[in-house]
Structure formats: C-alpha cells, structure tokens
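I opened the model to look up a few local features and wrote down what I found. The entries follow in the order in which I made them.

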Amino acid sequence: MKTQFTPKTRKVAVIGTGFVGSSYAFSMVNQGIANELVLIDMNKEKAEGEARDINHGMPFAAPMKIWAGDYKDCADADLAVITAGANQAPGETRLDLVEKNVKIFECIVKDIMNSGFDGIILVATNPVDILAHVTQKVSGLPNGRVIGSGTILDTARFRYLLSDYFEVDSRNVHAYIMGEHGDTEFPVWSHAQIGGVKLEHFINTAAIEKEPDMQHLFEQTRDAAYHIINRKGATYYGIAMGLVRITKAILDDENSILTVSALLEGQYGISDVYIGVPAIINKNGVRQIIELNLTPHEQQQLEHSASILKQTRDRAFV
C-alpha cells in the first residue's frame, strides 16, 4: 500500500513590486525555483497587475502559483524577500538612503513577523547592510536567518568585467568583492583566480592593485550602479538574478558559497556589523562565514568598511 506524500511548499513572499521585486518574480518563474510566489505591495493594484502579467506567461514556464496577497500570506512562507523602499536617486549614495528606509523597514518587518512568519528573510533594499541589521533587530530572528544581498551583485559584476578583459567564460572566473555594498567595498585580489590559476599569472605581476587596467576594472565594478542609474534611472536585472541565486541556494539546500551580507561575530576580528563576506548558504540561511586569509591591506580595507557601516548604522538606530 502506497503512503501519502506531501511535497515541501517552497513558498516565497516578495515584499515590494517595483523594478527589483517584479524582475525577481519574473526571474523566479523563468527558473522554476518555487511552487508559490505571493507578491505584496502597498499599491495592491500594482501587485495584482504584476501577478496577472507573469501568470499569462505560465504556459511557457514551470507550474507555479502566483498571486497578489497581504502580509498575512507570509505566515507559511519559507522565505520573505524584501525589495521595498526608497530608490537611489542620481548623485545619491546608498548610505544616503538610511533615514528614509530604516523607518519603512521597521514597519515592514513588524508586519511580516506579526503574520506568524518563521522562515528566512532576504533583504535587497539599500543600504542593504544596514537594513539587514535593522531587519534582524526588529524581527528577533536568529542571525543566520536574516541575510542581505550584500556584494553578490558586485562580485558578479567584477567576475564579468574580468572575464570580458581576459576573454574567458565568466563562470570560470573566481573573485570576490567584500565589504559594504557601496563606496567602501574592495576587491580581494589575493584570491582572484581564472580556472584555478592565480590572476597574477595572467598579468605577470603580484602587485595587481597597482596595475592601471585592473584598478580601472574595480572602479567600473564599484561605480556600476551610478553609471546605470544615470543612463536608465535604476538597476534591477542584475540584482534580481542575484536574489534568485541566493533563493535557489536556500530552497535547494545547496551549501553554496556566495558573497552575502551576514552578521560578523568575531570573524576577521570584527563584530556586530552586517557586511559583505563569502558565506555558505543552505536551507537554514547562513551556515558559516568563510574567513579568507586576507593580506594586511585587504584586512585594513574590510575594517574601514565595517567602521563606516557601524557609524552610519548607529546614527540610524538612535
């Protein structure tokens, strides 16, 4: 006699259906990662419009239940992805958004938790490192179950630009951007590799950071958002795909190493700050933060980035 089998729900709640939220939902459908996707927005009609539009493409995708809902629908979600908040305007830094978005987030996170939610929260809204910390404080969830998108997009941009320069498939380029998702981020040149070969062998020097072309590639990585915002008003496709990658690592229990914003508790000699670092991600969220053997200069850059984030966060928490 056959026993009854009940599959895992694999339900994701998306809070915010602006450019990033709707691009994330579209990417989720195309990759068929979840079974249920509920879209939540203060503008209920906008959420309903996005749900209807995506549903009309369902004959071309894997089956998925998609609808516009309310915060009560977060109760049985495995993952809540927050993309809501004020956008970065031309000439504005991510840290300039702090005061606007901290207040918004306090309300959003309380509404999520009041539903009875007991899953993982993934934060994408900027300044993502500070808002991830706000989310953890307000939600009361364990540190590992609140994750910021961190430098996952910066790392992807970096890998792409390096791959384009050296004419190698970006999937074979391994390099990290660490620190704040913003102006104080930095490249970890000491661990950059192409196909397992250290990057220094491709440019015949160990002083990679002094090479003009390499420095230019990093600057293009760091300032990419500014260039895109000046040209089209916002960035959303790249970060949406990064969020989907993190989602897949969680729902599929992959134990993948991704550069996300996680809470440091002594790793790298730093504590009490969410910041972009390589971490192992699985069904429980952040399983472990990977501590790379940084050079003294890279360690100094990480400490500086953490210091800036702490100062900004402390002003926001007052």
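Entry 1, the pocket. I am working from a predicted model. I asked which residues lie nearest the centre of the largest pocket. They are T83, A84, G85, N87 and T125, out of 39 residues that line the largest pocket. For its volume I noted about 730 Å³. I then looked up helices in the lining, and found that α1, α3 (98-114), α5 (152-166) and α8 (224-232) each supply at least two residues.

Is V81 buried or exposed? V81 has a relative accessible area of 0% and is therefore buried, the cut-off for that class being under 20%. I listed the contacts of V81, leaving out residues up to four places away in sequence: V12, A13, V14, I15, Y24, L122 and L243. V81 and T125 are 44 residues apart in sequence, while their C-alpha atoms are 9.6 Å apart in space.

I took α2 as residues 44-55, twelve residues in all. From first C-alpha to last, α2 reaches 16 Å, which is close to the expected 16 Å at 1.5 Å a residue. I found A47, E50, A51 and I54 to be the buried residues of α2. Why do they fall on the same side of α2? They do so because they cover an arc of only 100° around the axis. On the other side of α2 I noted E45, R52 and D53 as exposed. I next asked what the buried residues of α2 pack against. Their partners are α1 (19-31), β2 (36-40) and β3 (65-68).

I looked up an open sheet of three strands and read its order as β7-β10-β11, with antiparallel pairing. Which are the edge strands? They are β7 (173-174) and β11 (197-198), each of which pairs on one side only. I then went to the pairing of β7 with β10, the latter being residues 193-194. How many bridges join β7 to β10? I counted two, and the two strands run antiparallel. For V173, I recorded I194 as the bridge partner in β10.

How values were computed:
Residues numbered from 1 in each chain as written. Predicted model: local features only at pLDDT ≥ 70, side-chain atom pairs only at ≥ 80, totals over all residues. Heavy atoms only, no water. Helix = DSSP H or I, 4+ residues; strand = E, 2+ residues; numbered from the N terminus. Expected span 1.5 Å × (residues − 1). Buried < 20%, exposed > 50% of the residue type's maximum accessible area, 1.4 Å probe, protein only. Arc of directions from axis to C-beta. Contact = heavy atoms within 4.5 Å. Pairing = 2+ DSSP bridges. 1 Å grid on protein atoms, 1.4 Å probe; cavity = no way out; pocket = protein on both sides within 12 Å on 5 of 7 lines; lining within 4 Å. Points joined across faces, edges and corners; volume = space filled by probe spheres on them.
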